[in-house]
Each structure stands twice: as C-alpha cells, then as structure tokens.
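Try each task yourself before reading its solution.

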Amino acid sequence: MNDDRDPGRAGDTLRTADTRCAADSRGAADSRGAADTRGAADTRGAADTRGAADSRRTTDTRRTAKASGPADTGHTADTADTAGAAGASAGAGHGPGSPDDPDGFAAFDGVELRHLRGFLAVADERSFTHAADRLRTGQPALTRTVRALETALGTRLLDRTTRRVELTDAGRRLYDDLAPLLPRLAAALRSPAGPAVLRLGFTSLLPAVCAPLTADFEAATGAGVRLVRRDSPLAGLETGESDIVVLRGDIPPGAGLRTTLLLHEPRIAALSRTPLRAAGHAPDHPHGHPRDHAGEHAGDRAAGHADTRSGSAAMVTAVRAVARRRVLDWAELADLPLVVNTVTGSTTPGLWPVGRRPRLACTAGNFDEWLEAVAAGHGVGVAPEPVARRHTHPGIRYVRLKNAPPVPVHLALPARDAHPLAERLFALAELRAAPAPAALPGDAARAARTAPAGR
C-alpha cells in the first residue's frame with residue numbers, strides 16, 4: 001500500500017511543481033508584458049511630446065507668416081533675401097580665419113549694403129513704418145530685409161511687439177559699430193579715385209548753352225566737368241579722351257553715337273583783307289590742284305571752274321568784287337574759291353546744289369590753319385558765327401551771310417557703354433528743347449535738305 005500511495009503523492013508533487021512553474025511562467029510573462037506596456041506608454045509619450053513640439057513650430061510658423069504681411073510686389077528682389085542669407089549661414093562652415101576665408105567674410109556673403117541700411121534705419125526710428133518711409137520702400141520689404149540680416153548673422157537684432165521695436169544686446173552692439181562706419185564706406189565708394197569728373201570734349205569753341213547745362217549737371221550730381229579740346233572729328237570721343245562731346249555739323253554716318261540737338265548756329269563768311277592769290281596755285285599745293293579729304297581734284301568736282309589762268313583770274317575778280325561788301329548771299333559763294341577745314345569744320349562744297357558749287361581752293365586740318373589760309377588769301381571761308389567772332393585776325397574781315405543753312409550743334413556720346421555721368425548730362429540736355437532751325441528759302445533750303453552730310 002505504501003508503494004501504491006507513493007506514486008500518487010509523487011504525481012501530486014509533480015502537478016504541484018508544474019503549477020508553480022506555470023505560475024512562474026505567467027508571472028514572467030506578466031512582468032514582460034508590464035514592461036512592454038510601460039515601453040509602449042513611453043513611446044506614446046515621446047510621440048506626443050514630438051507632436052506637441054511640431055504643433056508649436058507650426059503655430060510659430062503661421063504667426064511669423066501672418067506678421068510678415070502680404071508680399072510687396074514693388075520689391076521682388078527682397079523676396080530672396082532670407083533664402084540668400086540662410087544660404088550664406090549654411091556655407092559658414094569654412095569659418096573665419098580658415099584657409100578658404102582668411103579675412104573672415106565668406107560667412108557673410110549674403111549680407112548686402114541695403115540690409116545694413118535697413119537695420120540702421122529701423123534702429124534709428126524704432127519703427128518699421130517710419131524707417132520704410134525714410135528709405136522710400138515698403139514696410140513688408142523692409143521687414144524681410146532685416147530678417148535676412150538676422151538670419152545671416154545667426155542672431156536676433158530687434159525685439160518686435162505690436163507697439164514698439166527695441167534693440168537686443170546684439171543689435172545694440174551692431175548699431176554702435178555700423179553707425180559711424182557706413183558714412184565712411186559711402187564716402188569711399190563715392191570717390192574711389194578722387195572726385196568724380198566728366199570729360200566734356202569740344203573742338204574750337206563751346207556754345208554758350210553749355211554753361212548753364214554743366215552748372216545744372218554739377219548741382220545734380222556733385223561731379224565736376226573737365227573741358228577737353230581736341231582737333232579731331234569726334235573731339236576725342238574716338239580715342240577715349242572724352243566721355244561726351246559737342247559736335248558741330250552733321251554727324252558722320254556709322255559713327256556709333258547717340259545724339260541730341262542743342263541748338264542751331266548761323267554761318268558767317270570770312271574774307272582776306274589782302275588780294276586773293278591765283279586760285280589753284282596756293283603755296284601749300286605745289287602741283288596746282290588742291291585735293292579734298294576724298295582725294296579728288298577740286299577742279300574735277302566743281303562744274304564750270306576749269307583750272308586755267310583765265311578761270312583763276314575770274315576768281316580773283318569775283319573775290320575783289322565782294323571784298324568790300326557787308327552782306328553776302330549764300331548762293332553768291334558758289335562763284336568763289338572755298339577754304340575748308342576737313343577735320344573739325346562744318347562747311348563743305350556739298351552744301352550747295354549740284355552744278356552750282358564753289359571750288360575747293362585748299363584744305364586745313366584745324367581751325368587755326370583754316371584761319372591763316374583765309375588770311376593769306378587762298379580763298380573765302382565759312383564758319384559758325386560764334387566760333388568765327390571768337391577768333392579775330394588782323395588779316396580777316398567777317399561778312400554776314402543771308403539764306404545760309406544754320407549749323408546744327410549736337411551733344412553726342414557712345415551708343416553703347418557710355419560713361420554713367422555722360423548719361424546724366426545727356427538726359428539733362430534732352431530736357432532742354434532745342435529751337436527749330438529757321439525756314440530756308442529757295443535753292444539754299446533744298447540744298448540743305450538734300451546735300452550730303454559735311455563737316
């Protein structure tokens with residue numbers, strides 16, 4: 001019997017052990033489950049925390065967007081300020097003093113002068129509205145400009161509320177440094193090589209209208225005007241010695257210039273006080289056939305003026321016939337030998353009708369040569385009256401001309417890549433309306449309209 005009970009008790013013992021093991025297993029499982037539950041709870045908590053943070057950032061973003069207001073279409077360039085400044089901050093990894101940035105400026109490549117001016121204006125006015133009025137810009141654009149500067153520097157410069165704007169400590173330090181620095185920078189940029197100067201080129205004489213024009217230019221720009229006289233067709237513009245020029249006569253075709261008309265000047269005749277030399281035998285033309293700038297014989301171009309002694313004698317007689325006259329008609333000059341300044345002059349035989357043109361007696365390369373050739377009796381000269389009156393000569397008398405086409409006087413500058421100051425003077429000149437030329441009667445008017453351009 002003892003043997004029969006022992007197996008039963010052993011079975012009970014085993015079942016009891018199994019029960020305890022199962023209980024232990026369930027306890028372990030419960031423990032792991034509890035741990036898992038706490039882990040899950042922690043995870044949810046962390047997720048909730050991140051969600052809250054994201055919600056707060058989203059809210060901040062909305063508040064910022066609402067505060068910045070509508071986009072200012074008049075200042076679209078400022079829209080990219082923040083992105084540009086952020087890019088500059090992102091590229092600051094090189095760091096001041098690094099081999100790639102020895103001067104420490106690479107981190108601030110996105111900062112522009114207008115950002116600093118905008119910050120200073122707001123700091124002075126303690127108001128974005130008043131600062132925008134001072135800078136003549138929109139308030140939203142100014143807000144973006146200051147925000148771009150803060151992004152580039154990586155710090156807040158201004159504390160903004162609905163009622164006031166105050167400097168932070170960083171903003172106050174920046175203001176103290178910039179306030180005296182920016183005026184010095186502006187002065188340095190205004191005069192990198194001394195005071196700004198515009199070179200105004202001319203040939204023989206500046207017209208009187210240029211004096212008030214240049215005075216207005218100097219008052220408007222603060223720049224000076226240096227007068228440059230050059231005996232060249234374009235008064236030094238073609239050689240780079242002048243920035244803008246005054247030209248008399250028709251503008252050479254293909255010169256690549258922009259021009260505006262300043263005024264018209266009357267023409268006057270210049271006659272020698274001594275007897276005229278035999279036409280075509282002036283001492284500066286030993287072969288007896290003076291050539292014009294195109295290389296053609298003058299005698300071949302002027303109909304009815306054969307190069308003969310009888311023709312020369314007739315010329316002398318014609319000149320002596322008008323030597324004492326006080327007024328000449330433009331058409332009468334067709335019977336007289338002409339002295340022409342081919343470089344800076346404004347009168348050529350081409351101004352007369354075909355078949356009724358004066359003979360080219362000799363040419364000159366500048367006004368002084370022209371003056372001496374006329375005084376020496378080589379022929380009759382024609383010039384703008386203000387220029388001729390300015391240059392007196394004991395061997396010359398000036399005679400008034402009737403029905404002569406007036407001389408156009410232009411202000412000219414290069415059609416491309418003109419000097420900025422030249423553009424300013426040119427714009428001022430365009431505001432001044434030039435008087436219309438007087439109507440020209442008869443053949444002289446038709447000649448002025450149809451003849452080739454001459455200088």
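**Exercise 1.** Describe the lining of the largest cavity by residue class.

*Solution.* Start with the classes: the lining holds 8 nonpolar, 7 polar and 1 charged residues. Here Ala, Val, Leu, Ile, Met, Phe, Trp, Tyr, Cys and Pro count as nonpolar, Asp, Glu, Lys and Arg as charged, and the others, Gly among them, as polar. Before going on, note that this is a predicted model, where local features need pLDDT of at least 70, side-chain atom pairs count only at pLDDT 80 or more, and totals for chains, interfaces and linings use all residues. Residues are numbered from 1 along each chain as its sequence is written, and side-chain values use heavy atoms, with hydrogens and water left out.

Next, look at who is there. Of the 16 lining residues, Thr344, Gly345, Ser346, Ala383 and Pro384 lie nearest the centre of the largest cavity. Two or more lining residues come from each of β9 (337–341), α10 (367–375) and β11 (380–384). These are DSSP runs numbered from the N terminus: helices are H or I with at least four residues, strands E with at least two.

Finally, the space: the largest cavity holds about 150 Å³. A cavity is a set of points on a 1 Å grid over the protein atoms alone where a 1.4 Å probe fits but cannot get out, and lining residues have an atom within 4 Å of a point. Its volume is the space filled by probe spheres set on the points, which are joined across faces, edges and corners.

**Exercise 2.** Work out how helix α4 (residues 128–135) sits against helix α5 (residues 139–153).

*Solution.* First, take the geometry: the axes are 9 Å apart and the packing angle is about 100°. Axes are lines fitted to C-alpha atoms over the stretch in contact, and angles run from 0 to 180 degrees between N-to-C directions. α4 is therefore roughly perpendicular to α5, since angles under 35 degrees count as roughly parallel, over 145 as roughly antiparallel, 65 to 115 as roughly perpendicular and the rest as oblique.

Then find the contact, meaning heavy atoms within 4.5 Å. α4 brings Phe128, Thr129, Ala131, Ala132 and Leu135, while α5 brings Gln139, Leu142, Thr143 and Val146. By class, that contact has 6 nonpolar, 3 polar and no charged residues.

**Exercise 3.** At what angle do helix α3 (residues 113–125) and α4 cross?

*Solution.* The axes of α3 and α4 come within 8 Å and cross at roughly 125°. The two helices are therefore oblique to each other. Among the contact residues are Arg117 and Glu125 of α3, along with His130 and Arg134 of α4. The contact of α3 with α4 has 5 nonpolar, 2 polar and 4 charged residues.

Methods. On a 1 Å grid over the protein atoms alone, a cavity is a set of points where a 1.4 Å probe fits but cannot get out, and a pocket is an open set with protein on both sides within 12 Å along at least five of seven lines; lining residues have an atom within 4 Å of a point.
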